[in-house]
Amino acid sequence: MTNNELMKEDLKHIFHPCSQMKDYEKLPLIPIKKGKSSYIYDFEDNEYLDCISSWWVNIFGHSNDYINKKINEQLQDLEHVIFAGFTHKPAIDLAKRLVSLTPEPLQKIFFADNGSSAIEISLKMAFQYFKNKGISKPLFVSLENSYHGETMGALAVSDNGLYKDIYEDILIKTIQAKSPSLHDEDIAIDDMRSILKKYEGQVSSVVIEPLIQCAGSMKMYNASYIKKLRALCDEFGVFLIADEIAVGFGRTGTLFAIEQADITPDFLCLSKGITGGYMPLSVVMFTDDIYNAFYCDYDEGKSFLDSHSYTGNTIACAVANAVLDIFEKENIIEKNQEKIALIEKQTQRFKSLENVFEVRQRGMVCAIELKGYDSNRRINLEIFQAALKEGVYIRPLGNVIYFMPPYCFTNEQLIKMIDVTYDIVSTKI
Ligand SMILES: *Cc1c(COP(=O)(O)O)cnc(C)c1O
C-alpha cells in the first residue's frame, strides 16, 4: 500500500495524540513501515533521520539487535504476570539495578506503565504519607512552564495553558512557583520560599523537572537551583519529587540529572528512555522512610492500593534491563560526551542569525529558539515540513527547534541534522 492509501485507512478511525485532526487534511500523516538504528522508513521507502528519538524515548535507535535478542529470550519464558501477589526475575533485577544507580536513600520502587501514572503515584504517595500520620497536606507546588503529563493530577501540576486551561474547573488545586528557567535563580528560590511559608503545613510536595523543562520549550536552568530547593523542602518538611521522565537515562549528559545537583529527591520518577522506546514502563523510586509509612497491618487502613493492569510488565522490565546492559557495556555516558561537544560546536553558528533568539544545550538536548515570527504563523509546521523533505525528522515546539537524537547517531548524522536545520533557519523561513 502507498503512504496515502494507508493514511486514508488510518483517518477513518484513529484520533491521534497531540493533534488537531483537521491539520491532517494539509499535513499528511506518515505511515512508518520499519525502523533501523537512527532511521525510520515509510511505505514508499523514504528514510527519515529520527532527531527526536520518537518523542524522546528511543535512546538506542530503532530495532536494536541486542534489545531484540533480549525480548525474544524473555518471550520464550513469560510475557506478563499479575504483579500483586506474584513477581518475576526481570522486575527484581531491574529494581536492584536502579537502586544501585541512584542515590543511596532511594531504596524502594513502585512500578507503573507510563510517565503520567508515575507522577500520579508520587503525588498520591506524598499526600498519603502525611495522611497516614494524621496530617492533611492537600497542596502541591510545581514550577511555571512545567509539564508532568496529561492525566488529571499530572495536568494539575503542569503549567502549559495549551494543554491545561480548558480543564481548569475540574483540576485539583496546585500552586506554581517562579521557574529558574524564566527568572533569575534567586528570584525563583525566593518565590518558592514565600509560597512554602504562606502555605506552611499544607503542602505535601514540590515537583520539578530537573535541569530541563522539556515540553516547556526546552527551557533550561542550573543545578544550583535544585540544591537550594532541596534545602528549602527540608526546611519546610515538604517532599521533593524529581520528574526525570524526560531527562533520565543520559539526556543531560549524566545518567540522571539530579547527579549534577548532588542531591537526593524523596521521589524519583522515571519512564521514556527506560525501555529505549520499546515498551510502556515507568517507575517511582523513594526512601525507606516513605515505604515504612504505608507498612502496617491491613486493617489499619494505611495501604497504598494504587495499581495498573500492566504494572511491572515482564517484557518491559526485560527490555529495561537490556537498556541498562547497553549503558554499561558500551560506556554510553562517556561516549556521549564527544557527541555533546560536537553538537555544541556545530550549533554555534546559529547564534549569529538575526532570527535566532538563543541556542541552549544540556547534554544531548539542544534547542534553538527563534524570534521575530508572528505568533499566528505556525512556524513549527513549516520547519517540520522543510526538514522532512531533506529526510530529517524534527518536531519544533512553537518557535523552538530542538534536537534530542538517539545516542546511536553517528557524527555524520549529527552534522546532517544540524546542517539541514541551519539551511532552513538561515534561508528558508
Ligand atoms: C512525557 C513526560 C511526562 C508524561 O509521560 P507519559 O508517558 O507521556 O504519560 C511527564 N513528565 C515529563 C517531564 C515528561 O516529559
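1. In this predicted model, a nonpolar surface patch is formed by Met-152, Ile-166, Tyr-167 and Ile-170, which together have about 440 Å² of accessible area.

2. One member of the patch, Tyr-167, is placed in the loop that runs between helix H7 (161-164) and strand S6 (174-177). Its relative accessible area is 38%, so Tyr-167 is classed as partly exposed.

3. A polar side-chain atom of Lys-272 is 2.6 Å from a ligand oxygen, and a side-chain N or O atom of Asp-243 is 2.7 Å from a ligand nitrogen. For Asn-114, the distance between a side-chain N or O atom and an oxygen of the ligand is 3.4 Å. The ligand on its own would expose 380 Å², of which the protein buries 83%.

4. A separate point concerns Glu-79, which sits in the loop between helix H3 (65-77) and helix H4 (89-101). With a relative accessible area of 43%, Glu-79 is partly exposed. Glu-79 and Glu-244 are separated by 165 residues in sequence, and their C-alpha atoms are 27 Å apart in space.

Conventions:
Residues are numbered from 1 along each chain as its sequence is written. This is a predicted model: local features need pLDDT of at least 70, side-chain atom pairs count only at pLDDT 80 or more; totals for chains, interfaces and linings use all residues. Side-chain values use heavy atoms; hydrogens and water are left out. A polar contact is a pair of N or O atoms within 3.5 Å; within protein, one must be able to donate a hydrogen and the other to accept it, and residues adjacent in sequence count only if both atoms are side-chain atoms. Accessible areas come from the Shrake-Rupley method with a 1.4 Å probe; for residues, only the protein chains shown count as cover. Patches are made of residues with over 30% relative accessible area and no salt bridge: like charges are joined within 9 Å, nonpolar side chains (Val, Leu, Ile, Met, Phe, Trp, Tyr) within 5 Å. A salt bridge is a side-chain nitrogen of Lys or Arg within 4 Å of a carboxyl oxygen of Asp or Glu. Helices (H or I, at least four residues) and strands (E, at least two) are DSSP runs, numbered from the N terminus. Buried means under 20% relative accessible area, exposed over 50%, partly exposed in between (1.4 Å probe, protein chains only).
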